[in-house]
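Biologist: Could you take me through the charged side-chain pairs in this one?
Modeller: Gladly, and here is the model to look at while we talk.

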Amino acid sequence: MPSIRLRHPLRLLGSAAILAGLLAASAPAHAQVTSANGDGFDTHLFRPAMDSKGFFVANGSDILGANDISFGLIIDYGRALMRVEENGIGSRLIDHSFTGTLQMNYGIANWAVVGLDLPVVLMTGDKQNTVGWQSATSLDQQAFREIGIHGKLRLLRVEKGLGIALGVQGGLPLAKSTAKAGGSDPTPWVWPQLIAEKRFGRTGQFKIGLNGGYRMHGASDTQIELKAGKFADGNRLTYGGALSYRALESLDLVAETYATYLLSSSADSAIKASNEVVGGIKLFVDRNSYFMLGAGTRYTDGFEAANVRGFLGFIFEPSIGDRDGDGLKDDVDKCPDDPEDFDGFEDEDGCPDP
């Protein structure tokens, strides 16, 4: 369905990476958590799908074909996180939070994908003097958040009925959490997930995705009094669902909700569930390369949920792909969802014999 051709996507991604690095290096962070208030914490609820087969945040069960690659740059914005009581200075600890995530993925043997990501954080907050920080300081950060690695193993093919995959993500913080509270997890973290996907319609134009997981990191004893209750850091359950509809040949409409649930016995229940809902589009510029754009809001008082969420991104997958894994690329495979049986009769068309 190629209707638009992007000639220099790698140059675009490279320029964005250089710009993000310059911003991180040139804008020093100056807000700090007092040494008596723990090891810091992470507030990033919007975490992009790990590869080009996902929705916005929810991962899809499909994978890249053998030796295929994809690249991505996703920028998200959160407005008003960690809301506190009015105190004459400000009503939230994090006023504006930008994260730019660079991604790279590689397909292995038509059964798995592995990849890397590098998030860059630009975050500012109102000055506070009643929530455990030093007097009249604000929460700011401009830094590389972490270096991340991820992998996905396909168990069941979605074109055969129900798609099932196992995913795992992990990260090594690059910013010192006690000096950049809210910007990154305090220690290395790991995030296993179960991924399910179902498609409906004659061409699979309707898609439903469900994800569930458990994001864990080392111990942190940070505690803060928020407007909805006391925050005390801990591990998180993660869950979410997405709907997608191919409205036009090169346009998907997507609606999604995603959330975390804070597993901390010391935290108040009102701030444990962080839920957001977003809607947006994917505009395909080639078969598997697309722009995405969307926005949404929170519907619970959780500490990670933003009053306003917005995002945009570009995913570039230069290869055609091999959905049925029979070794024939989808542009020459007459049955891209049914693998060739290689019985010696018309094996070049990609279709199993009846």
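Modeller: Before the pairs, one cut-off: a residue is called buried when its relative accessible area is under 20%. Please also keep in mind that this is a predicted model.

Biologist: Fine. Is Glu-304 buried or exposed?
Modeller: Glu-304 has a relative accessibility of 0%, so this residue counts as buried.

Biologist: And which residue does Glu-304 form a salt bridge with?
Modeller: The partner is Arg-215, with 3.4 Å between the closest N and O atoms. The two come from distant parts of the chain, 89 residues apart, since Glu-304 sits in the loop between strand E14 (290–298) and strand E15 (308–316), while Arg-215 belongs to strand E8 (residues 206–217). Arg-215 is buried as well, at 3% relative accessibility.

Biologist: How many salt bridges are there?
Modeller: The count comes to 16 salt bridges. Among the residues involved, Asp-62, Arg-154, Glu-197 and Arg-199 are joined in a network.

Biologist: Changing topic, what does Asp-252 pair with?
Modeller: Asp-252 forms a salt bridge with Arg-246, and the closest N and O atoms are 2.2 Å apart. Asp-252 is buried, with a relative accessible area of 3%, but Arg-246 is partly exposed at 25%.

How values were computed:
Residues numbered from 1 in each chain as written. Predicted model: local features only at pLDDT ≥ 70, side-chain atom pairs only at ≥ 80, totals over all residues. Heavy atoms only, no water. Salt bridge = Lys/Arg side-chain N within 4 Å of Asp/Glu carboxyl O. Helix = DSSP H or I, 4+ residues; strand = E, 2+ residues; numbered from the N terminus. Buried < 20%, exposed > 50% of the residue type's maximum accessible area, 1.4 Å probe, protein only.
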